[in-house]
Amino acid sequence: MNYTFLAGAGIFSAICALPLNAGDINTDMQFDKYPAYTAEDLELVVNPDSTLFTIWAPSARQAQLRIYPSGRNSEPELTVDMTRASNGAWKASLAGQLYGKFYTFRINHDGKWLDETPGIWAKAVGINGDRAAIIDFSNTNPQGWDDDRRPSNMKCTTVIFQ
């Protein structure tokens, strides 16, 4: 039986894939042969004049970035072929600060395009986590947020349960 190992699968999203056979799953896998990516720009960096997207997918033959106008029920308004960078990373840079847009990545592994993913480093996602959101976190806190304090710790001496 053949399986596909999806890095970051489960509650996270898949960004790289490696074909496996059932007998291949052991502690001697070749994962340690993949190059390490140590830069601090994985996923998304918004600069004053551009937005940079980076994924780590060393097994990919191709990678694409898809930009959406909303978190669901819309077609991509832009699809960009990403450029292979160092240490298994793929990058794409777009002009402007794309706040308010959503994005996904997808990779081509062994001639097959895998499902889109918001990436495992996404800081915010849209409905059902299907697309990552490009958000300016300096503008997300409501007025008075920095002055807000939690309630004092009321000591409870009695607990009633059945």
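Three aromatic pairs turn up here, where a pair means rings of Phe, Tyr and Trp (its six-membered ring) with centres within 6.5 Å. Planes under 30 degrees apart count as stacked, over 60 as edge-to-face and the rest as tilted. Keep in mind that this is a predicted model: local features need pLDDT of at least 70, side-chain atom pairs count only at pLDDT 80 or more, and totals for chains, interfaces and linings use all residues. Residues are numbered from 1 along each chain as its sequence is written, and side-chain values use heavy atoms, with hydrogens and water left out.

**Tyr34 and Trp56**
- With ring centres 6.0 Å apart and planes at 90°, Tyr34 and Trp56 are edge-to-face.
- Tyr34 sits in the loop between β2 (17-21) and β3 (43-46) and Trp56 in strand β4 (residues 50-56), so the pair ties together parts 22 residues apart in sequence; strands are DSSP runs of E, at least two residues, numbered from the N terminus.
- Trp56 is partly exposed at 22% relative accessible area (buried is under 20%, exposed over 50%, partly exposed in between; 1.4 Å probe, protein chains only).

**Around Phe53**
- Phe53 and Tyr103 also go edge-to-face, at 5.0 Å centre to centre and 65° between the planes.
- Phe53 belongs to strand β4 and Tyr103 to strand β9 (residues 102-109), so this pair links parts 50 residues apart in sequence.
- Phe53 and Tyr103 are both buried, and together with Phe105 they form one aromatic cluster.

**Charges over rings**
- Arg106 has its charged end over the ring of Trp113, 4.4 Å from the centre (the rule: NZ of Lys or CZ of Arg within 6 Å of the ring centre and within 35 degrees of the ring normal).
- For Arg131, the charged end sits over the Tyr68 ring, 3.5 Å from its centre.

Methods
Helices (H or I, at least four residues) and strands (E, at least two) are DSSP runs, numbered from the N terminus.
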